[in-house]
Amino acid sequence: MSTVSTETAEDHESSPWFLPLVFVGGFLFGIGLAVSQMARPEIVLAFLQFSDFGLVFVMGGAAAIVSIVFWTASSSDLTAPLSGRRYTRRLKSMDRDVVVGGGIFGVGWGLSGICPGAAYASLGIGNVVILYGVAGMFVGAYLQGYLRESRTPSGSTQPAD
Amino acid sequence: MTLTPLLVETLFPNGVSHYLLGGILIGLGTAVIYLGTGIHAGASTFLESTLSYASKLSRFQQPKFIASRDWRVVFTLGIVAGAAAYSLAVGEFGWTTEVQPSRLFVGGILIGIGTRVGKGCTSGHGVCGIGSGSKTSILNVALFMLVAIGVAQLVFAMGVRP
């Protein structure tokens, strides 16, 4: 809960190394998506259709590294050098949205073989056709924002995602 | 002949090493950002935070999107650049998918809705959330995985290729 308020304020007061570091992290992330071939929708579909289970190692390998780093850092008293934030684990609250959203995302992922990070990487490998997918994602993100806003009375704030 | 190599070949016809290496690199990228900034970098919030540049809707004008939209653009550009650098280096740049544009577009819409309503995607829930041992993320990932498998199998059974 307390992590929500700190998330908004401190990005502004970041060091000059903040954005370069984020770029380096994204760069490694993008290489990983290209090396693993997850940037190709065909490979994701092959996994979902049970003809190549290799993607288990992509998510498994990434989650394994992340869990070691997250658990080690969050159990220390250290703060992040470029933002002064405390190291926390990513713990989101459980509610109906998590189930509904996961289901809708699953339909989209199964239909197309793309997900947000892999789609950005797919553009990087020169797969311009993926722009149909990225455009769709923006349309979808806008739609849910528009519908949520028209359903909630103005002035009320949404719970943090 | 033992059964194990045969089983491995059936389950992983393209081997496992590049999958594992890719996964480790994705994890390292996430870890670099986390260790430097304390941020759990997920890929799908970029969609909403980037909309805040263009849309006046208060949903997108939330402080958490305004405050993070710049670094999220940089994160996404990093992903694009990293994938581009690798594919250029190994001579795979310019590969294009055979998946129909209509599937990409409709799938994209559902992904845009689902990841934002569901508080995360394959990287936010799948990597950061699972790496945090979050029950919420484990449930979300199990659900989208099962649904996606069902839908992909259905698409295949209907004769749609790839």
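Helices, contacts and backbone

Me: What covers the buried residues of α5(A)?
Reply: The cover includes α3 (41–48) and α7 (131–151) of chain A, together with α5 and α7 of chain B. Here a residue is buried if 20 or more other C-beta atoms lie within 10 Å of its own, exposed if 12 or fewer, and partly exposed in between, with the C-beta atoms placed from the backbone. Helices are DSSP runs of H or I with at least four residues, strands are runs of E with at least two, and both are numbered from the N terminus.

Me: And where does the model come from, and how is it numbered?
Reply: It is a predicted model, in which local features need pLDDT of at least 70 and side-chain atom pairs count only at pLDDT 80 or more, while totals for chains, interfaces and linings use all residues. Residues are numbered from 1 along each chain as its sequence is written, with chains lettered from A and ligands numbered from 1 in the order in which they are written.

Me: Back to α5(A): how many of its 17 residues are buried?
Reply: Twelve of them are, so the helix is largely enclosed by the rest of the structure. Among the buried ones are V98(A), I104(A), F105(A), W109(A) and L111(A), along with glycines including G101(A) and G110(A).

Me: How far does α5(A) reach?
Reply: It runs over residues 96–112 and spans 25 Å from its first C-alpha to its last, close to the expected 24 Å, where the expected span is 1.5 Å times one less than the number of residues. Just after the helix, G113(A) takes a positive phi of about 80°.

Me: What does the rest of chain A look like?
Reply: Chain A has seven helices and zero strands, and 53% of its 161 residues count as buried. Among its contacts between residues at least 6 apart in sequence, 49% join residues at least 24 apart, a contact being two residues whose C-beta atoms, placed from the backbone, lie within 7 Å.

Me: Which residues touch the most other members of the largest nonpolar core?
Reply: That core has 96 residues, and those touching the most other members are L33(A), A34(A), A118(A), A119(A), A121(A), A83(B) and L110(B). A nonpolar core is a set of buried Ala, Val, Leu, Ile, Met, Phe, Trp, Tyr and Cys residues joined through C-beta atoms within 7 Å. Helix α2 (residues 18–35) of chain A gives the largest share of this core, eleven residues.

Me: What does A121(A) touch?
Reply: Not counting residues up to four places away in sequence, A121(A) touches G30(A), L33(A), A34(A) and A39(A), and from the other chain I79(B), V80(B) and A83(B).

Me: How do the axes of α2(A) and α6(A) cross?
Reply: The axes of α2(A) and helix α6 (residues 116–124) come within 9 Å and cross at roughly 80°, the axes being lines fitted to C-alpha atoms over the stretch in contact, with angles from 0 to 180 degrees between N-to-C directions. The two helices are therefore roughly perpendicular, since that label covers 65 to 115 degrees, with under 35 roughly parallel, over 145 roughly antiparallel and the rest oblique. F29(A), G30(A), L33(A) and A34(A) of α2(A) meet G117(A), A118(A), A121(A) and G124(A) of α6(A).

Me: Now the interface: how many residues of chain B are in contact with chain A?
Reply: There are 115 residues of chain B in contact with 113 residues of chain A. On the chain B side, α2(B) gives the most, with 20 residues, and that side divides into 64 nonpolar, 42 polar and nine charged residues. Nonpolar means Ala, Val, Leu, Ile, Met, Phe, Trp, Tyr, Cys and Pro, charged means Asp, Glu, Lys and Arg, and the others, Gly among them, are polar.

Me: Is A62(A) buried or exposed?
Reply: A62(A), in helix α4 of chain A, is buried, with 32 other C-beta atoms within 10 Å. Leaving aside neighbours within four places in sequence, A62(A) is in contact with G23(B), I26(B), G27(B), T30(B) and V127(B).
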